[in-house]
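Q: Could we go through the salt bridges of this structure together?

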Amino acid sequence: GNRHACRYCKQVFVAAFGVTSYFRVSGAAARDRHQISCAQNPGNTCFCGKLFDNPTARDSHAGTCDANPEHRFDCQFCGDTFITTFGMLGQGGRDQRDSHAERCAKNPLNSACQHCGLTFVKSEVWLGEVETQCSAHEEVCTANPRNRFPCRHCGLAFVTHKRLLLGRDGEADREEHEAVCAMIPCEYAVQESEGWLSITKHTQPDQQIIVSKADEIEEDTDVGD
């Protein structure tokens, strides 16, 4: 027939005839040319989804493509992916993966602080166990909530630093700061109702002082005179 469909996208190419009834455009030839670079031709699509005119161009690109599975290496512990890069500053993904896996926080041979994430690597610990060193670090870790004392007024945190030199007591620093904190709230609550002011101390809610606004204004006037 004169109708030739692409095997991938089903686009139809029709033969065109000249005035002398000879083929001027071959539908089959047009289809074949189209199929080489068809967007749905799986043979021309790289791992990254980019379309190429022919398999040779695709393979040339795939040799350095980041999406090529041969260039991608996943850590067996945390799942992070390391990709081989090319060029003068290129790096091997496999070497990066292996170097990372040795120090990975999720490597069962290592131990990581649950507060700051600092990892103690088994191969770098010569004395004792990594678990023991990690536990000792967690006790003095500045990210440990037990070593952090936020101001009850402004929220500023004071951290305990447990060391021989330049150590700091976070709780003592917090108490010293709270005494002069600019965000200390007033200890009295004032409410207005029908021309009267009700003054209540937060620490003694059952005791109120009732003051007339008119009397208060008059007193202020007398003082000014």
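**Salt bridges**

A: The side chains of arginine 168 and aspartate 173 form a salt bridge, with N to O at 3.0 Å. A salt bridge here is a side-chain nitrogen of Lys or Arg within 4 Å of a carboxyl oxygen of Asp or Glu. This is a predicted model, in which local features need pLDDT of at least 70 and side-chain atom pairs count only at pLDDT 80 or more, while totals for chains, interfaces and linings use all residues. Residues are numbered from 1 along each chain as its sequence is written, and side-chain values use heavy atoms, leaving out hydrogens and water.

Q: Is aspartate 173 buried or exposed?

A: Aspartate 173 is buried, at a relative accessible area of 15%. Buried means under 20% relative accessible area, exposed over 50%, and partly exposed in between (1.4 Å probe, protein chains only). Arginine 168 is partly exposed, at 46%.

Q: Which residue does arginine 152 form a salt bridge with?

A: Its partner is glutamate 175, and the closest N and O atoms are 3.2 Å apart. Arginine 152 lies in the loop between β9 (148-150) and β10 (157-159), and glutamate 175 in helix α5 (residues 170-178), so the pair ties together parts 23 residues apart in sequence. Helices (H or I, at least four residues) and strands (E, at least two) are DSSP runs, numbered from the N terminus.

Q: And how many salt bridges are there by this rule?

A: The count comes to eleven. Among them is the pair of arginine 31 and aspartate 32, at 3.1 Å from N to O.
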